[in-house]
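Here's a quick briefing to keep beside you while you look over the model.

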Amino acid sequence: MNKKAKHKVLAVRNLTESTYVLQIERAGFDFIPGQCVNIGLEKSGINREYSTYSSVNDDKKMEFLIKAVANGKVSTALQKLKKGEQVQLDGAYGKFTLKNSQDTKQKYVFVASGTGIAPFHSFALSYPRLNYTVLHGIRYLNEQYDYKDYKAGSYIACVSQNPDSKVFVGRVTDYLRKNKVDKQAIYYLCGNAEMINEVYDILRENEVNGSQIYTEVFF
């Protein structure tokens, strides 16, 4: 069990103007891919919950994919941290984890919007033999966060604005309506509540059993 402890910042890697990866030292912190961690700013008494983004097999560092929210006290402050500064971690929490991570025959479909892809990035890096497809709903092409980290052919960007010929034009819900839904797959949905509710309904309409669907709302 982890104790509340301070961890040094290793880097802040900006992916877009408002989205970044916070990289901190692992220092023995224990987590299961898909769990959340409370990250607090020193001497502020304020913390926020973020999903793990990095591999559980990396014993040197931990990463978190974060979107800086306008007027957000934590998300904007974390983006300004410098190497060597410290944050406090508490956790890890949550049950949005894979039930059979070593089953290479089971097909998984991970459906995300925006930074809701964070736990799926951790799944993909932590379990390299996993049989999965990622459907990532984003507005712009530059929001394909670290898409090259996924297995070739397993990442599908669903871009609603300024797309090009290499991506699916539309939302993840549009993709699911236009393509065959695998009734045997296990589905993990992570992102905004509206997307999750709509995808859940589409899956159920296609006779996917409710026991095969797991959800995590990102606010």
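Leaving aside its neighbours within four places in sequence, which residues is Phe120 in contact with? They are Phe96, Phe110, Val111, Ala112, Tyr150, Tyr188, Leu189 and Cys190. Bear in mind that this is a predicted model. The rest is sorted by topic below.

**Nonpolar cores**

- The largest nonpolar core has 27 residues, and the ones that touch the most other members are Phe110, Ile117, Phe120 and Tyr188.
- At least two residues of this core come from each of S7, helix H2 (118–126), strand S8 (131–138), strand S9 (155–159) and strand S11 (186–191).

**Cysteines**

- If you're looking for disulfides, the structure holds zero.
- Cys36 is in no disulfide, and the nearest cysteine sulfur, on Cys190, sits 7.9 Å away.
- Cys36 counts as buried because its relative accessibility is 8%, and Cys190 counts as buried because its value is 0%.

- Asn38 is part of strand S3, which covers residues 36–41.
- Is Asn38 buried or exposed? Asn38 counts as buried, because its relative accessibility is 16% and the cut-off for buried is under 20%.
- Setting aside neighbours within four places in sequence, Asn38 is in contact with Asn47, Arg48, Glu49, Gln88, Leu89, Asp90 and Tyr93.
- Lys95 sits in the loop between strand S6 (86–93) and strand S7 (107–113).
- Lys95 counts as exposed because its relative accessibility is 74%, and exposed means over 50%.
- Lys95 and Pro33 are 62 residues apart in sequence, yet their C-alpha atoms are 9.7 Å apart in space.

**The largest pocket**

- The largest pocket holds about 1,100 Å³ of space.
- It's lined by 39 residues, and those closest to the pocket's centre are Ser113, Gly114, Thr115, Asn192 and Phe218.
- Each of these elements supplies at least two residues of the lining: strand S4 (47–51), strand S5 (61–67), S8, helix H3 (172–178), helix H4 (193–205) and strand S12 (213–217).
- Which element gives the most to the lining of the largest pocket? That's S4, with four residues.
- Split by class, the lining of the largest pocket has 16 nonpolar, 13 polar and 10 charged residues.

**The second largest pocket**

- The second largest pocket has a volume of about 190 Å³.
- It has 15 lining residues, and closest to the pocket's centre are Gly40, Leu41, Ile46, Asn47 and Gln88.
- S3 and S6 are the elements that give two or more residues to this lining.
- S3 gives the most here, with four residues.
- By class, the lining of the second largest pocket has four nonpolar, six polar and five charged residues.

Key
Residues are numbered from 1 along each chain as its sequence is written. This is a predicted model: local features need pLDDT of at least 70, side-chain atom pairs count only at pLDDT 80 or more; totals for chains, interfaces and linings use all residues. Side-chain values use heavy atoms; hydrogens and water are left out. Buried means under 20% relative accessible area, exposed over 50%, partly exposed in between (1.4 Å probe, protein chains only). Contact means heavy atoms within 4.5 Å. A disulfide is a pair of cysteine sulfur atoms within 2.5 Å. A nonpolar core is a set of buried Ala, Val, Leu, Ile, Met, Phe, Trp, Tyr and Cys residues joined through side-chain atoms within 4.5 Å. On a 1 Å grid over the protein atoms alone, a cavity is a set of points where a 1.4 Å probe fits but cannot get out, and a pocket is an open set with protein on both sides within 12 Å along at least five of seven lines; lining residues have an atom within 4 Å of a point. Grid points are joined across faces, edges and corners, and a volume is the space filled by probe spheres set on the points. Ala, Val, Leu, Ile, Met, Phe, Trp, Tyr, Cys and Pro count as nonpolar, Asp, Glu, Lys and Arg as charged, and the others, Gly among them, as polar.
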